[in-house]
Amino acid sequence: MKIAIIGGGPAGLYSAILLKKQRPEAEITVYERNRADDTFGFGVVFSDATLDNFERYDAPSYRRITQEFAYWDDIAVHFRGTVHRVGGNGFCGCSRRKLLLILQERARELGVHLLFQSDIDDITGLADADLVVLADGINSRFRERYADHFQPEIDVRSNVFAWMGSSRPLDAFTFIFQETEWGPFIAHAYQYEMGHSTWIFETDPETFERAGLKNLDEKQSADRMAEIFGWFLDGHPLLTNRSMWRNFPMIRSKRWVRDNMVLIGDAKATAHFSIGSGTKLAMEDAIALADALHRAPTIEQALKLYEHGRREEVEKTQHAADVSLVWFEHVDRFWDFDPVQFAFGVMTRAKAITYDNLTLRAPEFVNEVDKAFANQVRAGGFDVDVAKPLAPMFQPLRLREMALANRAVVSPMCMYSAKEGVPGDFHLVHYGSRAIGGAGLIFTEMTCVSRDARITPGCAGLWNDEQEASWRRIVDFVHANSGAKIALQLGHAGRKGATKLMWDGMDRPLEEGGWDVQSASPIPYFPDSQIPREMDRAAMDAVKASFVAAAERGERCGFDMLELHCAHGYLLASFISPLTNQRTDEYGGALANRLRFPLEVFEALRAAWPAHKPMSVRISATDWAEGGITGDDAVEIARAFAEVGVDLVDVSTGQTVRDAQPIYGRMFQTPFSEQVRNEARVATMCVGNITTADQVNTILAAGRADLVALGRPHLVDPAFTLKAAAWYGADDIACPPQYLPGKEQIFRNSVRDRQDFDDLKIKAKPKTRAELKSEATKPLAAE
Ligand SMILES: Cc1cc2nc3c(=O)[nH]c(=O)nc-3n(C[C@H](O)[C@H](O)[C@H](O)COP(=O)(O)OP(=O)(O)OC[C@H]3O[C@@H](n4cnc5c(N)ncnc54)[C@H](O)[C@@H]3O)c2cc1C
Ligand SMILES: Cc1cc2nc3c(=O)[nH]c(=O)nc-3n(C[C@H](O)[C@H](O)[C@H](O)COP(=O)(O)O)c2cc1C
């Protein structure tokens, strides 16, 4: 068998090693355009888990690599004169040059042909190869040559960065966030061997421009960075090696395989340097490729297996890298944060590290985060304990005169079980039990302002006395038996009206018994949905009046808060999104025009709703569709509502058009809440695939939202918040006297359960190489 590998970087060399071990008889050649020790860059990083993999797949190169490594355990965040260190991270650094020399040596030893200074341009010269591995890096010539087939997407990011080196020793992975006269600069730095550290400098394009870096050469820009970070460099120089300022290209390829050619490493997909995974991904690709060739009977099947089996892992890493790079691109959002909260945000930016996880590893750090959070709450007028603070989830929040006992919220969820809009016994039990379950705030389902404002025949409403009486019974129950506040969500279905109950076909038009629907523009939701009537001014006035009448009824019911539903493609949302609003009058066109009617309704409600009671608005912060609402629009939308008195923006996404392409995942809508909160400077509630109290605390502590709503988790667990309170020891949570024995038991047991759980986690966690190394070098204690 003949294998040609184009590119002698980590991906190409490691695949040569693994394939040669697997098939000693194969003729394997690596073609590398540079010379053998001509490598660029400084250090590379690997996690302990990646090193475990290397050990399993090729022990000799693993041993040589780990002999050369620098280990560290801590991440240090420097910001505004403070430094926060968090241990237990288990990373290793190594010189890229040495790594490549080790891999070259090992490949040679196994009998791989290494051809340097051999720049491959024409693949036809390799026609006799059974397998061609394209490991030609980020600017892959062959990915581009066959772009029609591989279909790469290259997203060139806005921030600029440059790799440099230094002799400055470092005992932690170090992030430095530095204010300058031009704007913020960030240094990502780590030591990779004795006396050598990698320094990646990053900044936004405006700061780059203002700092005049565009016109400086490599040496001059290193001098400029040395001036900025001189206080930390401590007299050590900055070294350059092709240290040009560049923009990071986030590369994804739809296909990785073409006949007998396969893309691996940076050539097929990149991951932002802030999560230190470029070389790791490249070498793990080589492992996956070798595994697939071992398992499948033919090359064709093996390449399919590689692509199929590896894609999810790569995309997961890329997603984490994406989230991380976006955090760094928007660091200005957090620039005025308390430094400890800022550091918590850095640590938890990519979702893998959470509040609980940090509590295990760095309890003092999390305690400091909790204290800072409690201090902010205290400054807001609450007499909370700041010496022994409760977790953020159990800190109170005030919106106008409504004080919430905690930050957990039951998200609005239609139950499709009302009769002619009247909520019945099901609703009483449903809302009542969730209120008793401990959430600080519960929302009603979308409550429709008129009969023809309903989504389905089962939707609840508030347009007549019978409905008002039923809602009052629910509100009274909640107030009498729980510590929860209850918010009324008012909405109008618009073009999504006259559709079937959720379990009969979500958003599908009713076959019989429907009613006329209206919207901003006459565009049906599904091609076979009703064509909505385009609203004229009289229709708008009528809708506005029905919203106001329902709010007045809501006030008589005793609701604590009012939410205007402007999300999910319903009537008011259909005005906001350009995908559903094609009007040519003053309610269509620019965002300000599209917002005109929703704002008008909000202002009318605000006038009717008591001034001491808060109001929120629910928005879809993105349509997840080409040409639709984006996060930046959501900031403008939030600002517009804030100007007319909104107290909280309930940040949801999508459901505007049926061909949307949402990117789901844990906490997938939280980045939009973070953006709206910290750019529009308005309180937000986030929601969406948030399933644990740990996530709730992580989001709140990092300043990504002020309240956290959970929908589906509350459908199966009304006592979600009470259980979390027991876990975090928040024992002042309200509980009706009938249930006190249950509360006492869970609080008692939770202390032990939590201890057992933490012990298990600590025991299950293997020692990091840094810990093992420090144990091995510790002097023996005197007897
Ligand atoms: C300048 C630079 C500095 C970097 N520094 C660091 C760092 O300090 N730390 C870190 O963790 N990551 C660093 N990275 C990123 C990291 O190197 C990559 O994520 C990782 O190396 C990917 O491995 P790879 O084998 O896929 O690609 P690469 O390492 O880029 O290897 C591709 C190889 O293919 C060769 N090649 C390309 N085209 C041809 C051709 N037509 N014919 C023959 N040979 C060809 C190139 O010369 C190169 O050696 C750096 C990247 C760059 C571009
Ligand atoms: C059964 C069900 C009904 C819903 N009804 C409404 C509703 O009436 N109003 C609304 O704004 N959102 C509604 N939603 C959306 C939820 O409020 C929430 O945003 C969504 O479920 C995502 O959160 P989760 O992942 O915690 O479930 C509904 C969701 C579900 C599952």
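**Ligands, strands and cores**

Author: Let's start at ligand 1: one of its oxygen atoms lies 2.7 Å from a polar side-chain atom of Glu32. Before we go on, this is a predicted model, where local features need pLDDT of at least 70, side-chain atom pairs count only at pLDDT 80 or more, and totals for chains, interfaces and linings use all residues. Residues are numbered from 1 along each chain as its sequence is written, chains are lettered from A and ligands numbered from 1 in the order in which they are written, and side-chain values use heavy atoms, with hydrogens and water left out.

Reader: Thanks! How many residues surround ligand 1, and which are the closest?

Author: 30 residues surround ligand 1, and the closest are Ala11, Glu32, Gly43, Arg96 and Asp266. A residue is near a molecule or strand if one of its heavy atoms lies within 4 Å of it.

Reader: Which polar backbone atom lies 2.9 Å from a nitrogen atom of ligand 1?

Author: That one belongs to Ile120. Asp266 also takes part through its backbone, with a polar atom 2.8 Å from an oxygen atom of ligand 1.

Reader: And ligand 2, which residues come nearest there?

Author: Ser411, Pro412, Arg618, Asn689 and Arg712 come nearest, out of 18 residues around ligand 2. An N or O atom in the Arg618 side chain is 2.6 Å from an oxygen atom of ligand 2. On the backbone side, a polar atom of Asn689 lies 2.7 Å from an oxygen atom of this ligand, and an N or O atom of Cys414 lies 2.7 Å from a nitrogen atom of the ligand.

Reader: Is Arg618 buried or exposed?

Author: Arg618 counts as buried, because its relative accessibility is 5%. Buried means under 20% relative accessible area, exposed over 50%, and partly exposed in between (1.4 Å probe, protein chains only). Arg618 lies in strand 26, residues 615-620. Helices (H or I, at least four residues) and strands (E, at least two) are DSSP runs, numbered from the N terminus.

Reader: What does the Arg618 side chain join up with in a polar contact?

Author: With the side chain of Ser411, at 3.5 Å. A polar contact is a pair of N or O atoms within 3.5 Å; within protein, one must be able to donate a hydrogen and the other to accept it, and residues adjacent in sequence count only if both atoms are side-chain atoms.

Reader: Changing topic: what is the order of the open sheet of three strands?

Author: The order is 3-7-4, with antiparallel pairing. Its edge strands are strand 3 (43-47) and strand 4 (70-72), each pairing on one side only. Two strands pair if DSSP finds at least two bridges between them. Strand 4 and strand 7 (residues 91-95) share three bridges, and Ala70 stands opposite Gly93 in strand 7.

Reader: What lies across strand 3 and strand 7?

Author: Helix 4, residues 96-110, which runs at about 80° to strand 7. Axes are lines fitted to C-alpha atoms, for helices over the stretch in contact (heavy atoms within 4.5 Å), and angles run from 0 to 180 degrees between N-to-C directions.

Reader: How covered is strand 5?

Author: Strand 5 (residues 75-79) is mostly covered, with five of its five residues buried. Ile75, Val77 and Phe79 point one way, while Ala76 and His78 point the other way.

Reader: Which strands pair with strand 5?

Author: Strand 6 (residues 82-86) pairs with strand 5 in the antiparallel sense over five bridges, and Phe79 has Thr82 as its bridge partner there. Strand 11 (residues 173-179) pairs with strand 5 in the parallel sense, also over five bridges. In strand 11, Phe175 stands opposite Val77.

Reader: Last one! Which residues touch the most other members in the largest nonpolar core?

Author: Phe547, Phe597, Leu605, Phe641 and Val649 do, in a core of 78 residues. Helix 17 (residues 537-557) gives the largest share, eight residues. Apart from this core lies another of 63 residues, among them Phe42, Phe334, Ile690 and Phe720. A nonpolar core is a set of buried Ala, Val, Leu, Ile, Met, Phe, Trp, Tyr and Cys residues joined through side-chain atoms within 4.5 Å.
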